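Me: I have a structure open and have not seen it before. Can you walk me through some of it?
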Amino acid sequence: MSTSAATATLIETVGVGKSYGSFVALDAVSLRVAEGEMVSIVGPNGAGKTTLVNVLTGLLKPTAGLVRFKGQDIAGIGPVKLAKRGMARAFQLVHIFPAMTVAETIAVAIVSQTDRSLDLFSSVRADAGVRRKVAEVAEIFGLAAKLDTESRLLSQGEKKLLDIASAFALVPEVILLDEPTSGISSGDKHGIMKTLIDAAKRAGVKAIILVEHDMDLVAEYSSRIVALQGGKVLADRVPSEFFSDPEIVAAIVGKRVGKLAREA
Ligand SMILES: Nc1ncnc2c1ncn2[C@@H]1O[C@H](COP(=O)(O)OP(=O)(O)OP(=O)(O)O)[C@@H](O)[C@H]1O
Ligand SMILES: [Mg+2]
């Protein structure tokens, strides 16, 4: 989990800015994510975390600066093209298509990221390769017994896993997750994170970028923490250095994690 120059950089932003009219959502954000890293993006509501993820996945074109994935400019190229190059994010298909089964949801994720998107539903049904891939992904996420269950009938935790499973469907090199455990009871959050990290290892994912409010999870699973505040990078540190700085902790996470920092 080194960030030394010797480690291959996967994602890099240089002076990225994103403005909406006169409102500055991201301001001169420069960061690097290298192979082997699990980088958490933290910060208060409205800090710019989702905006940054949207820029990193090419969904939003920054108004300033550079975004590179494996050395190539990806500013605004869009998530579909980016997924083909090896970066994927959770889509929340579960919420968009509640009547689709688990198998269909994963299949749509696979097919929608390949060149066969024009004939989406028939290729989902007919393609043996897609079916095999669906079974593989479902197995990794413990959803093999639920393949024919409509996603609306899944538990909250299973819905999250299905969502993340869909992002894994293309075996991405990098995966971005915006609050994968939101809406999950704190007891189940660790289970989901463990499944997720285990699946990432098995799938050969080289780096994970995670937006997460739960600082217990951030402390336990990150190799590095990037803290945003008002669209700026306030800190970019390994967890031990992050949580031992009371000023940073107070600015980013307030009282609840102030408590956590004192315990650390
Ligand atoms: N399309 C938009 N037009 C105008 N302002 C926007 C737009 N999208 C986001 N913003 C603003 O940019 C800021 C950053 O939003 P963003 O969603 O990135 O925050 P966040 O850190 O993900 O917050 P949360 O923790 O609540 O999810 C917010 O103040 C938001 O209102
Ligand atoms: Mg957000």
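This is a predicted model: local features need pLDDT of at least 70, side-chain atom pairs count only at pLDDT 80 or more; totals for chains, interfaces and linings use all residues.
Me: How do helix α4 and helix α6 pack, and at what angle?
Reply: α4 (residues 102-112) and α6 (residues 128-140) pack at an angle of about 115°, with axes 9 Å apart. Axes are lines fitted to C-alpha atoms over the stretch in contact, and angles run from 0 to 180 degrees between N-to-C directions. Helices are DSSP runs of H or I with at least four residues, and strands are E runs of at least two, numbered from the N terminus.
Me: Parallel or perpendicular?
Reply: That angle makes α4 roughly perpendicular to α6, a label for 65 to 115 degrees.
Me: Which residues meet there?
Reply: V102, A103, I106, A107, I110 and V111 in α4 meet V130, K133, V134, V137 and A138 in α6. Contact requires C-beta atoms, placed from the backbone, within 7 Å.
Me: What classes are they?
Reply: The α4 contact with α6 has 10 nonpolar residues, no polar ones and one charged. Nonpolar covers Ala, Val, Leu, Ile, Met, Phe, Trp, Tyr, Cys and Pro; charged covers Asp, Glu, Lys and Arg; the others, Gly among them, are polar.
Me: How many helices and strands are in the protein chain?
Reply: The protein chain has 11 helices and 10 strands.
Me: Which element gives the largest share of the shell around ligand 1?
Reply: α1 does, with three residues. By class, the shell has four nonpolar, six polar and one charged.

Note on methods:
Residues are numbered from 1 along each chain as its sequence is written. Chains are lettered from A and ligands numbered from 1 in the order in which they are written. Angles under 35 degrees count as roughly parallel, over 145 as roughly antiparallel, 65 to 115 as roughly perpendicular and the rest as oblique. Two residues are in contact if their C-beta atoms, placed from the backbone, lie within 7 Å.
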